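The sequence and coordinates are shown first, and the computed features follow.

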Amino acid sequence: MSRTASWITALQQAVKANKGAVGSNFCQMATIGIDGGPRVRTVVLRCLYSSNDRLLPFGSGICDGCSEVSADEQLSLIFVTDIRAEKVAEIKHQYHGEVVWYATKAREQFRFRGTFQIVSAARETSIAAVSGTPDIQLHWNHLRNTVWKSVSANTRAQMHWPHPGQPRSEHIPDSVWNSPPTSSSVEDDDLPPDTFALAVLHVSRVDHLHLRKNDRYIYSLEHTDMPSLNGSHWVCTRVNP
């Protein structure tokens, strides 16, 4: 049985039930490597961005804000990354990907599937156009600056580290990994360095599994010609767990 619905309410309830859990905003991000093989890593889900140009911090922010999100509103997941990281090259090579979030206290799993977009100092929005992601008029440069101000000083310092994934030089002191270069600043009112980028997942499918209830729902974003639905709407199907 299918019905029009949104996964946002389910996510909001899971976030509330998972309040206080350690690492509650940790997710696993899966991409496709340059060689065609699978790649996965743990990342921090910073916030969600709505097609109505609203930023919802993941956690209490999404609990507060989701009550105002319409059933057919599109949301994107926001992650921060170093532009030199391997996942950036992988996303540019193949923009399809998936993110998994598991609420340990609530015992609920959400698998978000969609297309990735990298937002860097060069405002690389062409990936969304290539992928066919609807143009939802996001102010990417402003969003990048806003997220930069919201992250911790430690995260901002990491953007000044040497190239990630490269062999560690014996000539670089250990102190480099604890602080940014003396010539760089990590104050929240500074503009982000060129190394700071966002990885944005435009969600088109959500697989929600509730282990306590042995219940599972698939939410799919379907396109329509009906003007009242603004070109697309979410369809929910209850499936076997």
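A salt bridge is taken here as a side-chain nitrogen of Lys or Arg within 4 Å of a carboxyl oxygen of Asp or Glu. By that criterion the structure holds ten salt bridges. The model is predicted, so local features require pLDDT of at least 70 and side-chain atom pairs count only at pLDDT 80 or more, whereas totals for chains, interfaces and linings use all residues. Residues are numbered from 1 along each chain as its sequence is written, and side-chain values use heavy atoms, with hydrogens and water left out.

**Salt bridges**

Side chains of opposite charge can pair when their charged atoms come close.

| Arg 41 | Glu 90 | 2.9 Å |

Arg 41 forms a salt bridge with Glu 90. Arg 41 belongs to strand 3 (residues 38–44) and Glu 90 to helix 3 (residues 86–93), so this pair ties together parts that are 49 residues apart in sequence. Helices (H or I, at least four residues) and strands (E, at least two) are DSSP runs, numbered from the N terminus.

Accessibility is classed by relative accessible area: buried is under 20%, exposed is over 50%, and partly exposed lies in between (1.4 Å probe, protein chains only). Glu 90 counts as buried at 4%. For the remaining tabulated pair, Arg 216 is partly exposed at 23%, while Asp 207 is buried at 3%. Asp 207 and Arg 216 also belong to a network of salt bridges that links them with Glu 98, Arg 111 and Arg 113.

**Strand 9 and its partners**

Strand 9 (residues 196–210) has 13 of its 15 residues buried, so it is largely enclosed by the rest of the structure. Two strands pair if DSSP finds at least two bridges between them. Strand 9 runs antiparallel to strand 6 (residues 75–82), with seven bridges, and antiparallel to strand 8 (residues 108–119), with twelve bridges. Its antiparallel pairing with strand 10 (residues 215–223) extends over six bridges. Arg 205 of strand 9 stands opposite Arg 113 and also opposite Ser 220 in strand 10. The hairpin of strand 9 and strand 10 has four residues between the strands, and Asn 214 there takes a positive phi near 50 degrees.

**Aromatic contacts and nonpolar cores**

Rings of Phe, Tyr and Trp (its six-membered ring) pair if their centres lie within 6.5 Å; planes under 30 degrees apart count as stacked, over 60 as edge-to-face and the rest as tilted. The whole structure contains seven aromatic pairs. In one of them, Phe 110 and Phe 112 are stacked, at 6.1 Å centre to centre with 10 degrees between the planes.

A nonpolar core is a set of buried Ala, Val, Leu, Ile, Met, Phe, Trp, Tyr and Cys residues joined through side-chain atoms within 4.5 Å. The largest has 36 residues, and those with the most contacts inside it include Trp 7, Trp 101 and Phe 112. Another core, of 14 residues, lies apart from it, with Cys 47 and Trp 148 among its members.
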